[in-house]
Amino acid sequence: MDTPVLTFENISKMYDLRLLYKNVSLCLYPAQTILITGKNGSGKSTLLKMAAELTKPSHGKISCAAEKEEIGYLGHQTFIYPHLSAYENLYFWAKAFQKNISEQAVLTVLKKVFLDKFSHDRAGIFSRGMAQRLNIARIILQEPRLLLLDEPGTGLDKESQELFYSVIQEFQAQNACILWVSHNPQKDMEFATHILHIEKQQITLTKLQGETA
């Protein structure tokens with residue numbers, strides 16, 4: 001069996017004096033696309049933050065087999081520098097991910113997300129859809145083993161949404177582990193292999209029928 005990408009060992013988490021999870025243990029593996037469900041305030045985004053090592057559990061231990069530069073994050077907020085061009089943003093992030101990359105490779109990724117004509121325009125003037133496509137390009141360059149998605153489709157136009165789904169399928173083909181909080185779970189369920197449901201301070205991981213992952 002594959003080594004887990006992410007392991008939760010008997011974790012509990014307090015947030016604003018509220019207990020979100022209690023004594024939870026589970027393992028997440030390569031090639032799993034896990035859709036996180038639960039009521040508002042149940043701790044869905046907090047779970048992603050713990051996976052990204054942005055916050056720690058109140059009790060227990062989380063182990064991640066991916067290096068920090070192999071953990072990708074895509075949310076409804078973009079992580080772009082508005083005063084830099086699209087090209088400069090990607091080049092900066094490639095260096096941050098410790099990747100040696102050519103100018104042509106950056107331009108190829110920009111073309112893939114339909115931004116090649118705007119490669120030298122300041123990202124600060126981009127529409128919401130364009131900014132998120134640049135954010136998607138950042139993830140493509142990174143090639144993460146663990147991809148954390150926090151409602152990345154919020155406010156996207158149809159073209160950007162279709163691009164997002166095609167990129168998700170590419171990462172699935174590369175056996176990435178994807179942990180996904182969705183604003184449209186009915187649609188996004190089509191791409192999931194598992195459901196991770198948070199309720200009454202417990203987390204339940206269920207494999208979807210017909211999936212082999």
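Leucine 196 stands opposite leucine 205 of strand β9. The model is a predicted one. The pairing of β8 with β9 comprises 6 bridges. These two strands run antiparallel. Strand β9 covers residues 202-207. The two strands form a hairpin, with 2 residues between them. Within this hairpin, lysine 200 adopts a positive phi near 50°.

Strand β8 also pairs with β3. Here the strands run parallel, and 5 bridges join them. Strand β3 spans residues 33-38, and β8 spans residues 194-199. Glycine 38 has isoleucine 198 of β8 as its bridge partner.

A helix pair was examined next. Helix α3 comprises residues 103-112, and helix α4 comprises residues 128-142. Their axes come within 9 Å. The crossing angle is roughly 130°. An angle over 145 degrees would count as roughly antiparallel, and 65 to 115 as roughly perpendicular. The two helices are therefore oblique to each other. The crossing of α3 past α4 is right-handed.

Residues from both helices make the contact. Helix α3 contributes Val109, Leu110 and Lys112. Helix α4 contributes Leu134, Ala137, Ile140 and Leu141. By class, the contact of α3 with α4 holds 6 nonpolar residues and 1 charged residue. It has no polar residues.

Conventions:
Residues are numbered from 1 along each chain as its sequence is written. This is a predicted model: local features need pLDDT of at least 70, side-chain atom pairs count only at pLDDT 80 or more; totals for chains, interfaces and linings use all residues. Side-chain values use heavy atoms; hydrogens and water are left out. Two strands pair if DSSP finds at least two bridges between them. Helices (H or I, at least four residues) and strands (E, at least two) are DSSP runs, numbered from the N terminus. Axes are lines fitted to C-alpha atoms, for helices over the stretch in contact, and angles run from 0 to 180 degrees between N-to-C directions. Angles under 35 degrees count as roughly parallel, over 145 as roughly antiparallel, 65 to 115 as roughly perpendicular and the rest as oblique. A crossing is left-handed if the near helix is turned anticlockwise from the far one by less than a right angle, and right-handed if clockwise. Contact means heavy atoms within 4.5 Å. Ala, Val, Leu, Ile, Met, Phe, Trp, Tyr, Cys and Pro count as nonpolar, Asp, Glu, Lys and Arg as charged, and the others, Gly among them, as polar.
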